[in-house]
Amino acid sequence: LSAFGDHRPTGLNAYLREHCIQETHIVGVAYDVCVAKTALSAARLGFNTTVVKDLTASINLDYTEQITTNLCKHGVKTRYANIGRELMARLEEQRT
């Protein structure tokens, strides 16, 4: 469930290193599954990793705080982009 691959590498690590990327900002659906696993993998691989919380969504809200604590424990930072509402408004404007 990690973008870096759980059991088999996806090539993302090699691609990022090939392009001298040292920092990752993780967003997406399933904060408590895919986002968390990808962030933990990135941190474990040595990337400076941040999860942008307001650009993610949890499947099970009961575990959100526990996941955040675990991410911080493993060196992953969390922050808010504060652009979620603005982005959603723009997308809504494009629909009409």
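I took helices (H or I, at least four residues) and strands (E, at least two) as DSSP runs, numbered from the N terminus. Read that way along the sequence, the protein follows the pattern α-β-α-β-α-β-α, which comes to four helices and three strands.

**Ground rules.** I am looking at a predicted model, where local features need pLDDT of at least 70, side-chain atom pairs count only at pLDDT 80 or more, and totals for chains, interfaces and linings use all residues. Residues are numbered from 1 along each chain as its sequence is written, and side-chain values use heavy atoms, with hydrogens and water left out.

**Overall look.** I found that the C-alpha atoms fill a box of roughly 40 × 35 × 20 Å along the principal axes. I then looked up burial (buried is under 20% relative accessible area, exposed over 50%, partly exposed in between, with a 1.4 Å probe and protein chains only). Of the 96 residues, 30% count as buried. For contacts I used heavy atoms within 4.5 Å. Among contacts between residues at least 6 apart in sequence, 75% join residues at least 24 apart.

**Helix H3.** Which residues of H3 are buried? I noted Thr64, Ile67, Thr68 and Leu71 in this helix, which spans residues 64–73. They sit on the same side of H3, because they cover an arc of only 100 degrees around the axis; the arc is that of the directions from the helix axis to the C-beta atoms. A handy reminder for me: an α-helix has 3.6 residues a turn, so residues three or four places apart point the same way. On the other side of H3, I found Glu65, Gln66 and Lys73 exposed. What do the buried residues of H3 pack against? I listed helix H2 (31–44), strand E2 (48–57) and strand E3 (77–79). After H3 comes Gly75, with a positive phi near 85 degrees.

**Cysteines.** I searched the whole structure for disulfides (pairs of cysteine sulfur atoms within 2.5 Å) and found zero. Cys34 is in no disulfide, and its nearest cysteine sulfur, that of Cys72, is 19 Å away. Cys72 is likewise in no disulfide.

**A charge over a ring.** My test here was NZ of Lys or CZ of Arg within 6 Å of the ring centre and within 35 degrees of the ring normal. Arg17 lies over the face of Phe47, at 4.4 Å from the ring centre.
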